[in-house]
Amino acid sequence: MKLSNIKEILPALDNVEFQLENGTFVPEHFHVTEVGVITKHFIDCGGTIRKEKVVNFQLWNANDFEHRLKPTKLLNIIKLSEEKLGIEDAEIEVEYQSETIGKYDLDFNGNHFVLKNKQTACLASDACGIPAEKQKVNLAELKDACCTPNSGCC
């Protein structure tokens, strides 16, 4: 989700809620302690130089159980960060503490924001000899399949 998307969604909400993909909600007394830009300039294993930029939100739980972040307050935090930091419309990455600091993509399911698990991947799989993933076939379905000569199925 891009920053422009969250800015469009927030005015229609009564509350700001975040949920992990496993169904667990971020406690409703969370704070957004940082909004910023993270730039990553790196070289992949194939030798390609890359640059990535994300808008970063950091969520934090304090012991102030009465705290509730309202949509207008989050919009004001975003507006201030755009003015002071020159933040552009980019993908949002959310940092949230569990066993360690996790980084999540952001989505919206119509009711609340969803912290989507991120995955690592090789960006240069063609350059480092990673074999292509084989197509998985359900063998139970093949027993009913009928092959004829020159059909290309065998």
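The model is a predicted one, in which local features need pLDDT of at least 70, side-chain atom pairs count only at pLDDT 80 or more, and totals for chains, interfaces and linings use all residues. Residues are numbered from 1 along each chain as its sequence is written, and side-chain values use heavy atoms, with hydrogens and water left out.

E95 sits in strand β4, residues 92–97 (strands are DSSP runs of E with at least two residues, helices are runs of H or I with at least four, and both are numbered from the N terminus). E95 is buried but has no salt bridge, and K103, the nearest side chain of opposite charge, is 4.6 Å away. Here buried means under 20% relative accessible area, exposed means over 50%, and partly exposed is in between, using a 1.4 Å probe and protein chains only. A salt bridge needs a side-chain nitrogen of Lys or Arg within 4 Å of a carboxyl oxygen of Asp or Glu. As for charge, Lys and Arg count as positive and Asp and Glu as negative, while His and the chain ends are not counted.

Salt bridges do turn up elsewhere: the structure holds seven. One of them joins K118 and E93, with 3.1 Å from N to O. K118 belongs to the loop between β6 and α3 (139–142) and E93 to strand β4, so this pair ties together parts that are 25 residues apart in sequence. E93 is buried at 7% relative accessible area, whereas K118 is partly exposed at 34%. Both also belong to a network of salt bridges that links E93, K103, D105 and K118.

Another salt bridge pairs E21 with K116, and their closest N and O atoms are 3.1 Å apart. This one links distant parts of the chain, 95 residues apart, with E21 in the loop between β1 and β2 and K116 in strand β6 (residues 113–117). E21 is partly exposed at 41%, and K116 is partly exposed at 29%. E28 and R68 meet in a salt bridge too, at 3.0 Å from N to O.

On the aromatic side, the structure holds three pairs. Rings of Phe, Tyr and Trp (its six-membered ring) pair if their centres lie within 6.5 Å; planes under 30 degrees apart count as stacked, over 60 as edge-to-face and the rest as tilted. F18 and F30 have ring centres 5.3 Å apart and planes at 85°, so they make an edge-to-face pair. F18 is in strand β1 (residues 18–20) and F30 in strand β2 (residues 30–43), twelve residues apart. F18 and F30 are both buried, and they form one aromatic cluster together with F108 and F113.

A ring also meets a charge: the charged end of K40 sits over the ring of F42, 4.8 Å from its centre (this takes NZ of Lys or CZ of Arg within 6 Å of the ring centre and within 35 degrees of the ring normal).

Finally, the cysteines. There are zero disulfides, a disulfide being a pair of cysteine sulfur atoms within 2.5 Å. C45 is in none, and its nearest cysteine sulfur, that of C122, is 3.6 Å away. C45 is exposed at 55% relative accessible area, while C122 is partly exposed at 30%.
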